[in-house]
Amino acid sequence: MDESERPETALKKTLGPVSLTALGIGAVIGSGIFTVIGTAIAGNPATTATFWDSPVIDFVLHHGAVAGRPGAGPALAISMILVAIVCCFTGLCYAELSSMIPIAGSAYTYTYATLGELIAWIIGWDLILEYAFSNMSVSVGFAAHVVDLLDWMGFHFHPKWLSPAYLPLGLQDLQGHDIYKAGWHFGFNIPAFLIVIILTMILVRGIRESAKTNNIMVLVKIAAILIFVFAGISFIHPGNYHPFSPNGWPGVLAGGSIIFFTYIGFDSVSTASEECRQPQRDVPIGIIATLIVCTILYIGVALVLTGMVPWSSVAGDAAPVVNALKRLSTDTHSTKLHIVRLIVLLGALVGMISSILVFQLGQARVWFAMSRDRLLPDIFSKVHPRYRTPAFATWVAGILVAIPAGLFDVGTLAELSNIGTLFAFVLVSIGVVVLRRRQPERYRGFRVPGGPIIPTLSVLFCVLLMTGLPIRTWERFFVWLIIGLFVYFFYSRKRSEFAQS
């Protein structure tokens with residue numbers, strides 16, 4: 001905390017509770033509610049049962065491999081409630097730690113203070129994965145909505161420059177005809193690449209400008225969501241709700257696991273705590289307000305979307321909400337739905353821009369915090385002499401997200417972010433218990449009620465949701481952590497502050 005006040009590494013303190021809540025809503029809404037919600041509803045269909053693509057819990061319950069990932073169907077509303085409960089528990093843990101340690105870096109900083117340098121490195125390395133893959137998946141969703149907007153305006157460009165190079169389910173038109181077969185094709189998702197680069201330039205200029213921009217975008221996004229919900233209610237077909245839970249509890253759990261990463265808006269709130277005027281008060285308010293608002297909106301969209309179209313029709317769709325409106329407006333020739341589709345399109349685009357903005361902000365702050373602790377090269381903690389932002393870290397984070405966003409599909413990218421998110425939440429929850437035992441006398445601007453009960457429940461629920469992810473995702477996650485451990489033991493450990501003392 002003393003180092004954070006030094007002029008050469010100090011960040012400007014400009015944020016209050018309203019801006020923090022808007023940052024959180026900007027991260028939570030815009031990714032899942034417009035893009036990944038389709039994958040959570042319909043799952044990842046497959047005809048062949050493979051070990052690596054089987055969710056852990058399904059592999060255990062069925063004593064063997066299963067084909068694809070089950071979708072939650074209309075029961076995604078139940079998944080949302082489960083996720084909201086888990087997020088509430090975890091968010092309270094974040095609020096306590098952020099009120100004690102108002103420093104950039106979020107879960108990385110908290111584990112550094114509670115569990116030591118090695119665990120902090122692991123979680124910091126994990127957060128880099130989490131934020132990067134979150135933004136890659138949102139960028140792909142953004143590009144899909146750009147294609148829809150161009151279609152609404154009557155412009156049609158070659159799909160190889162508007163879709164990822166890798167399409168595990170292929171690419172089909174509204175009639176189900178193949179544009180591309182499953183697998184790789186020659187192309188690059190240019191809109192996904194460009195949006196990340198443009199927002200990186202905005203973030204380099206300053207947190208105040210970024211927060212003001214985000215506040216406006218959040219208002220537009222919420223308005224678009226409400227218009228979709230109220231307009232879509234009259235087009236609900238009750239038959240689409242039967243069966244309500246087509247894949248039972250495994251589907252509900254898998255849907256929650258898929259959609260979970262979109263809730264890390266409150267994680268992004270805590271990454272900006274060093275730039276708050278009164279972090280002990282403002283960060284808990286921002287986290288809890290974010291969870292309440294977003295959960296209500298998520299459930300509303302899930303119920304309306306699955307009532308408007310059959311739940312299985314949104315499989316592999318990176319723009320399920322606007323494509324559902326497009327399908328219905330074409331079938332019914334409804335002028336009302338045609339206009340609503342445009343409004344939701346614009347709101348979705350604005351929403352995803354704000355989501356990418358917040359996640360890129362959070363990712364750069366993690367790099368900044370790790371560099372300030374000498375676990376990464378010093379250049380990542382250098383602040384711009386004019387804008388007082390970690391400019392180099394911001395640019396590196398932007399480039400590393402923009403290029404993969406042009407290559408991969410939304411489902412592949414989202415799953416790695418999910419496991420990283422849940423793992424971070426587990427360590428933060430453990431950190432609350434550890435710090436209470438080690439430093440019970442330390443001032444806490446906010447204290448999680450119920451003693452160790454809520455942090456323990458947070459750990460258990462997060463681990464449960466992690467079991468809903470495929471075995472292949474676990475494999476990739478462990479490979480990423482092993483690479484991080486090599487970097488730590490052969491580079492970071494030798495130059496950290498503890499090595500010099």
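**Group meeting: a walk through one predicted model**

Let me start with valine 401, which sits in helix H14, residues 391-405. Before going on, please note that this is a predicted model.

Is valine 401 buried or exposed? Its relative accessible area is 0%, so valine 401 is buried. Leaving aside neighbours within four places in sequence, valine 401 is in contact with Ala132, Asn135, Met136, Val196, Gln360 and Gln363. Serine 137 is also worth a look here. Between valine 401 and serine 137 there are 264 residues in sequence, yet their C-alpha atoms are 9.6 Å apart in space.

Next, a pair of helices. In general, two packed helices are described by the angle between their axes and the distance between the axes. Here the pair is helix H6, residues 117-152, and helix H7, residues 190-205. Their axes come within 8 Å and cross at roughly 120 degrees. H6 and H7 are therefore oblique to each other. The crossing of H6 and H7 is right-handed.

Which residues meet between H6 and H7? From H6 we have Ser139, Val140, Phe142, Ala143 and Val146, and from H7 we have Pro191, Ala192, Ile195 and Val196. Sorted by class, this contact of H6 with H7 has eight nonpolar residues, one polar and no charged.

Now a loop. Asparagine 240 is placed between helix H8, 207-232, and helix H9, 248-259. Although it lies in a loop, asparagine 240 has 15% relative accessibility and so counts as buried. What is asparagine 240 in contact with, apart from its neighbours within four places in sequence? The partners are Pro74 and a run made up of Thr306, Gly307, Met308, Val309 and Pro310.

Last, the cysteines. How many disulfides does the structure hold? The count is zero. I will take two cysteines as examples.

For cysteine 88, the closest cysteine sulfur is in cysteine 87, and the sulfurs are 8.8 Å apart. A disulfide needs the two sulfur atoms within 2.5 Å, so the pair is too far apart for a bond. Cysteine 88 counts as partly exposed, because its relative accessibility is 36%.

For cysteine 93, the closest cysteine sulfur is in cysteine 462, at 8.9 Å, which is again too far for a bond. Cysteine 93 is buried, with a relative accessible area of 0%.

That is the end of the walk. Thank you.

Conventions:
Residues are numbered from 1 along each chain as its sequence is written. This is a predicted model: local features need pLDDT of at least 70, side-chain atom pairs count only at pLDDT 80 or more; totals for chains, interfaces and linings use all residues. Side-chain values use heavy atoms; hydrogens and water are left out. Axes are lines fitted to C-alpha atoms, for helices over the stretch in contact, and angles run from 0 to 180 degrees between N-to-C directions. Helices (H or I, at least four residues) and strands (E, at least two) are DSSP runs, numbered from the N terminus. Angles under 35 degrees count as roughly parallel, over 145 as roughly antiparallel, 65 to 115 as roughly perpendicular and the rest as oblique. A crossing is left-handed if the near helix is turned anticlockwise from the far one by less than a right angle, and right-handed if clockwise. Contact means heavy atoms within 4.5 Å. Ala, Val, Leu, Ile, Met, Phe, Trp, Tyr, Cys and Pro count as nonpolar, Asp, Glu, Lys and Arg as charged, and the others, Gly among them, as polar. Buried means under 20% relative accessible area, exposed over 50%, partly exposed in between (1.4 Å probe, protein chains only).
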